[in-house]
Amino acid sequence: MQDSGIEPRRLLSETDLELIDALQINPRASWVEIGEATRADPVTAARRWQRLNSTGEAWTTVALGQRQMHAMSMAFLEIDCEAGAAVEVAGTLAAEGHLITVQHVAAGHDLFVIAVAASMPALADYLLTDLPRVPGVAKVRTHVATRVFEASCRWRLRVLPPRSAGALARRPGPAESTRQMDEIDRLLFKALLADGRAGYSELAQAVGKSERTVQRRLSRLVATGDIDFRCDLARSHAGWHSSAVLWLRMPDGLLEETGRALLDWPETRTCAALAGARNMLLTVGLHGVSDLHPLVMRLEERFPYAGIADRQIVLRQSKLYGRLLDPSGRCTGVVPVDPWSLSPRV
């Protein structure tokens with residue numbers, strides 16, 4: 001048999017899954033804390049994580065927090081490509097820092113893309129001028145988010161016992177500061193993108209400040225909701241072999257209640273209210289494509305006022321929150337998330 005060139009998919013062990021779950025709960029927890037939660041020696045836990053990270057099977061990164069998500073402009077894009085151009089277009093778009101996620105979908109369009117910018121004028125300039133000129137792009141449908149309930153920072157494997165998970169829960173200090181992110185904060189954000197567990201010494205060198213200043217700024221950014229941290233993995237290696245995008249219609253007065261309720265569903269990855277007839281977007285993780293119909297039935301039973309306007313299975317993820325992925329979902333590179341890279345034209 002001819003070699004396909006694709007390395008066989010490895011299912012992660014229960015020990016690996018517990019380690020990743022612990023880091024999903026608290027991505028910057030100490031190895032002592034991680035070891036206690038997973039019943040492992042801290043040195044062994046750190047070494048195991050290094051292996052998972054080096055193979056691209058798991059990684060940590062910084063993410064935009066809720067305050068920044070509310071302040072920024074986000075849009076979900078349905079992109080039609082010219083015949084045979086979808087893979088090339090996905091590769092081009094994945095290289096852009098303001099396009100944080102790029103997926104191939106089984107739908108009436110080819111790509112599902114999440115775009116974020118510091119302002120609506122900046123986002124509009126890109127969508128109206130730059131994106132249509134990308135070779136291979138035939139048509140773009142834009143859905144602007146009016147409220148982002150979740151952008152995958154809360155999703156976790158849920159394999160740790162509740163007591164261990166509770167001991168790791170993040171407890172940020174009071175959000176006393178109302179100051180907006182400055183250039184140093186943005187440099188700190190960018191320095192954490194490649195490794196959400198980067199130490200204070202490394203971060204201090206990257207931003208040109210003392211370790212104490214970096215620690216203080218980081219604590220404030222987390223407490224105020226400017227930044228968050230996430231740990232992700234090659235999901236198919238953990239039994240999550242599929243995912244889907246769902247577009248819902250419901251009364252506007254029930255958007256907030258529904259969005260908050262969906263945050264507790266183990267399948268929920270991203271949930272946002274939209275400015276359109278399809279006024280809620282929900283992306284979900286699935287163990288297999290056959291799980292989609294039971295999930296839709298559960299949605300219709302739990303939220304009888306919500307209509308399922310459309311549903312789309314994800315064929316392949318090319319990029320996930322700044323991480324470039326191979327066909328099996330392993331990380332092969334980093335494109336720093338940079339919503340500030342777009343600026344409105346004068």
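The radius of gyration is taken over C-alpha atoms, and the globule rule is 2.2 Å times the number of residues to the power 0.38. For 346 residues, that rule puts a compact globule near 20 Å. The protein chain has 20 Å, so it agrees with the rule. The model is predicted.

## Overall build

The C-alpha trace spans about 55 × 50 × 50 Å along its principal axes. The protein chain holds 12 helices and 12 strands. Of its 346 residues, 55% are buried. Consider contacts with a separation of 6 or more: 78% of them join residues 24 or more positions apart.

The accessible surface of the protein chain comes to about 15,600 Å². Carbon and sulfur atoms contribute 52% of that surface. The chain carries 41 positive and 40 negative charges.

## The annotated span

UniProt, in an unreviewed entry, places the feature "domain: HTH asnC-type" at residues 181–241. The span is 52% helix and 11% strand. Its end C-alpha atoms lie 37 Å apart.

Strand β7 covers residues 242–249 and includes serine 242. Is serine 242 buried or exposed? Its relative accessible area is 10%, so serine 242 is buried, given that buried means under 20%. Leaving aside neighbours within four places in sequence, serine 242 touches Gly285, Leu286, His287, Gly288, Val289 and Ile313.

Strand β10 runs over residues 307–320 and contains aspartate 310. Aspartate 310 has 29% relative accessibility, so it counts as partly exposed. Which residues does aspartate 310 contact, leaving aside its neighbours within four places in sequence? They are Val245, Leu246, Trp247 and Arg278. Threonine 213 lies 97 residues from aspartate 310 along the chain. The C-alpha atoms of this pair are separated by 48 Å.

Tyrosine 321 sits in the loop between β10 and β11 (323–325). Its phi is near 40°, a positive value in a residue other than glycine. Tyrosine 321 has a relative accessible area of 5%, and therefore is buried.

Isoleucine 34 belongs to helix α2. With a relative accessible area of 0%, isoleucine 34 is buried. Leaving aside neighbours within four places in sequence, isoleucine 34 is in contact with Leu19, Ala22, Leu23, Asn26, Ala29, Ala45 and Leu168. Alanine 83 is 49 residues from isoleucine 34 along the chain. Their C-alpha atoms are separated by 48 Å.

Arginine 39 is placed in the loop between α2 (31–38) and α3 (42–54). Where does the phi of arginine 39 fall? It is near 60°, a positive value in a residue other than glycine. Arginine 39 counts as exposed because its relative accessibility is 56%, and exposed means over 50%.

## Accessibility side by side

| Residue | Relative accessible area | Class |
|---|---|---|
| Isoleucine 34 | 0% | buried |
| Arginine 39 | 56% | exposed |
| Serine 242 | 10% | buried |
| Aspartate 310 | 29% | partly exposed |
| Tyrosine 321 | 5% | buried |

Two of these residues also have a positive phi: arginine 39, near 60°, and tyrosine 321, near 40°. Arginine 39 is exposed, whereas tyrosine 321 is buried.

Conventions. Residues are numbered from 1 along each chain as its sequence is written. This is a predicted model: local features need pLDDT of at least 70, side-chain atom pairs count only at pLDDT 80 or more; totals for chains, interfaces and linings use all residues. Side-chain values use heavy atoms; hydrogens and water are left out. UniProt positions are given in the numbering used here, feature names are shortened, and annotations may be inferred rather than shown by experiment. Helices (H or I, at least four residues) and strands (E, at least two) are DSSP runs, numbered from the N terminus. Buried means under 20% relative accessible area, exposed over 50%, partly exposed in between (1.4 Å probe, protein chains only). Contact means heavy atoms within 4.5 Å. Accessible areas come from the Shrake-Rupley method with a 1.4 Å probe; for residues, only the protein chains shown count as cover. Lys and Arg count as positive and Asp and Glu as negative; His and the chain ends are not counted. The place of a charge is taken as NZ of Lys, CZ of Arg, CG of Asp or CD of Glu.
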